[in-house]
Amino acid sequence: MILYVPKNAEAGEPLLQSISRAIPNHVVETFSSLDGLSERLQRPMPGVRVAVLYASDRRELMDIVYLGCLLSDLKVVLVFPDSDPDMLEKAFALCPRFIAATESDFRHLGAILKKMMN
């Protein structure tokens, strides 16, 4: 699994903990910059099936959308700080399998990831 959470995201640690609890036996490659994420997505990814991407604002979401062609072979899960309708509309360009907001406790996210990885 690939996880992108920017350095300044308050939800980064709770998100990573939720993922670790849900899928403890899976490798999670974590990235805190879009450049690092982009570089990783351009290399072969045998065994990588899921990308969890945190977009802290509209600009960051648009940067992630531009990486869409590199994400086409992965199941994409998007995480937003809130349920902003404009961001949700833009997010569908990535055809995400699941969208979560940090205002939730990530309980559903963990269950979804467990199903995706098994």
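A salt bridge is defined here as a side-chain nitrogen of Lys or Arg within 4 Å of a carboxyl oxygen of Asp or Glu. By this criterion, a search of the whole structure finds three salt bridges. The model is predicted, with local features requiring pLDDT of at least 70 and side-chain atom pairs counted only at pLDDT 80 or more, whereas totals for chains, interfaces and linings use all residues. Residues are numbered from 1 along each chain as its sequence is written, and side-chain values use heavy atoms, with hydrogens and water left out.

| Pair | Closest N to O distance |
|---|---|
| Arginine 40 and glutamate 29 | 2.7 Å |
| Arginine 58 and aspartate 86 | 2.6 Å |

Helices (H or I, at least four residues) and strands (E, at least two) are DSSP runs, numbered from the N terminus. Relative accessible area under 20% is termed buried, over 50% exposed, and in between partly exposed (1.4 Å probe, protein chains only).

Arginine 40 pairs with glutamate 29. This pair links distant parts of the chain, 11 residues apart: arginine 40 belongs to helix H2 (residues 34–41) and glutamate 29 to strand S2 (residues 29–31). Arginine 40 is buried at 7% relative accessibility, while glutamate 29 is partly exposed at 24%.

Arginine 58 pairs with aspartate 86. Here too distant parts of the chain are linked, helix H3 (residues 58–66) through arginine 58 and helix H5 (residues 85–91) through aspartate 86, 28 residues apart. Arginine 58 is partly exposed at 40%, as is aspartate 86 at 29%.

Aspartate 63 and arginine 59 both lie in helix H3, four residues apart, or about one turn of the helix. Aspartate 63 is partly exposed at 27%, whereas arginine 59 is exposed at 61%.
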